[in-house]
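Take a walk through this protein with me. Keep the sequence beside the picture as you read.

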Amino acid sequence: MSANFTLVLFGANSDLAARKLFPSMFQLSRWGQMPAKYRIIGLGRPMKSHDEFRREVRQKIVAHAPDTVRDEAELEVFSNNLFYVRHDLAAGEGLEDLRREVMRGEGQEETCQNILFYLSTPPSLAPRIVRSVEAAGLGGRGASTCGGWRKIILEKPFGHDLQSARELNRAVRKVFHEEQMYRIDHYLGKEPVQNIIVFRFSNGMFEPIWNRHYIDNVRITIAEDFGIRDRGAYYEESGLLRDIIQNHGLQLLASVAMEPPVDLSPDAVRDEKGKVFRSVRLFTPESAARDVVLGQYEGYRQEAHVAPDSRVETFASVKFFVDNWRWMGVPFHIKAGKNLAETVTEIVITFKCPPQNFFGPPGSCSYTANQIVIRIQPEETIAIRFGTKRPGESMVTDPVYMKFDYKASFSKVGLTPYHRLLIDAMSGDQMHFIRDDAVESSWTVIDSIKSSLPDIEPYPYAVHSWGPESVLQAQS
Ligand code: BG6
């Protein structure tokens, strides 16, 4: 029997597939959110049978998402939709098998299915993979003549710099239109991140003060209390600026800084984000020396696959400026790092002090300055900070918080980013996926830092600290 939806997963043996993709697909199938008839064809280099592959996937789901497995039978039902094709990209082997597997049971030359290609593979392989898709006769810029659509999901990083991003875009565009491309930055699938534009544009009270007249600075922190884990080879190529700031960091910045879109269509939202990226001030050697601090945790050079004299950064603190009417002069600090004191992602928007400060020693306003604190993880909260009178006789202020907590306010279990993004890709909603212009302009920003600080030696910092603190203090 032919399926009406096929997901073709390149990199079926990858860590991402094991940790995130299979558990998400399994849950979507349990919840009835996969198409009625679907097949998932995994591709990878090792030789294995469908049954071995199914068994392995079941084990991975149990290992990485045990809470999702209520009933072994459900797992069995899901895994019956899995198929495996051995594919050696370098040797160009397996394409005929892939085509056969996709076409199985259709009994005709052309497939009418909807096909979603998912590349859970290193970005450098993407051009060759899309060429393979075409060579297997499964590409097609648009739907098949009998109506089935083709889409492709690409995982970040989208290239390594502007030039490689352009090359990647060009290569994929030979086989797919931009409207068929779904570039995943999983941060855009997080509930509190999607909520930023809802918070801003569904409430009348914030927008009038959301600008340089009222906001003093914005601080975005993406901190992790663990190191690079087993990704030494990747990190040596990437470093933190490329791994975190180019995508997650700048996407959070754009959500805070963008103008209201003309409507909620994916391109209207992405148009506004695109304008922000194009307004981010590029770095020069002078501004980079002043506004960028790079660090490397102690012990990084002893990690597996890391050069003993590596200068790759595992920490970055960058002061960005968005040169437009709304934001001119307001610093957007993004601080991110591995092996820091805590795992936390948050955005703190600090408002200017009132013109007169009656209630504290001169210059003490920053103690109670109004803030909106959007915590993305581990908690999902929004807090508003304001000063209030400390109980007692004197007229002294203390900062207090009014807090909204997703968990306390909504009982519905949230979807994970991969649930949401898979649903969006299947249904054709590109709002939370990165468009080609955003990829290129965000790389332009990161390239300007990289070229301004060639061969810089990052400052060492102690594991579980907040980065090279003395340097940060001296620069602040
Ligand atoms: C990935 C980065 O994109 O995001 C990792 O490559 C990082 O280095 C991860 O650890 C963080 O994702 P999350 O959802 O755990 O914050």
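A residue is called buried when its relative accessible area is under 20%, exposed when over 50%, and partly exposed in between, using a 1.4 Å probe and the protein chains only. This is a predicted model: local features need pLDDT of at least 70, side-chain atom pairs count only at pLDDT 80 or more, and totals for chains, interfaces and linings use all residues. Residues are numbered from 1 along each chain as its sequence is written, and side-chain values use heavy atoms, with hydrogens and water left out.

Begin with Thr 6. Is Thr 6 buried or exposed? Thr 6 is buried, because its relative accessible area is 0%. Thr 6 sits in strand 1 (residues 5–10). Strands (E, at least two residues) and helices (H or I, at least four) are DSSP runs, numbered from the N terminus. The side chains of Thr 6 and Gln 113 make a polar contact of 2.3 Å. A polar contact is a pair of N or O atoms within 3.5 Å; within protein, one must be able to donate a hydrogen and the other to accept it, and residues adjacent in sequence count only if both atoms are side-chain atoms. Contact in general means heavy atoms within 4.5 Å. Beyond its neighbours within four places in sequence, Thr 6 is in contact with Arg 39, Ile 41, Gln 113, Asn 114, Ile 115 and Leu 116.

Now zoom out. An automatic or database assignment sets the domain bounds. It gives domain 1 (5–155) and domain 2 (188–475). Their centres, taken over C-alpha atoms, are 34 Å apart. In domain 1, 19 residues are in contact with ten residues of domain 2.

Next, look inside. A nonpolar core is a set of buried Ala, Val, Leu, Ile, Met, Phe, Trp, Tyr and Cys residues joined through side-chain atoms within 4.5 Å. The largest one has 99 residues, and Phe 117, Leu 253 and Ile 349 are among those with the most contacts inside it. Helix 8 (residues 232–257) gives this core its largest share, eleven residues. Domain 1 and domain 2 each supply at least three residues to this core. Apart from it lies another core of 32 residues, including Phe 26 and Leu 421.

Finally, find the ligand. Which helix gives the largest share of the shell around the ligand? Helix 8 does, with three residues. An oxygen atom of the ligand lies 2.5 Å from a side-chain N or O atom of Glu 224. For His 186, the corresponding distance from a ligand oxygen to a side-chain N or O atom is 2.7 Å.
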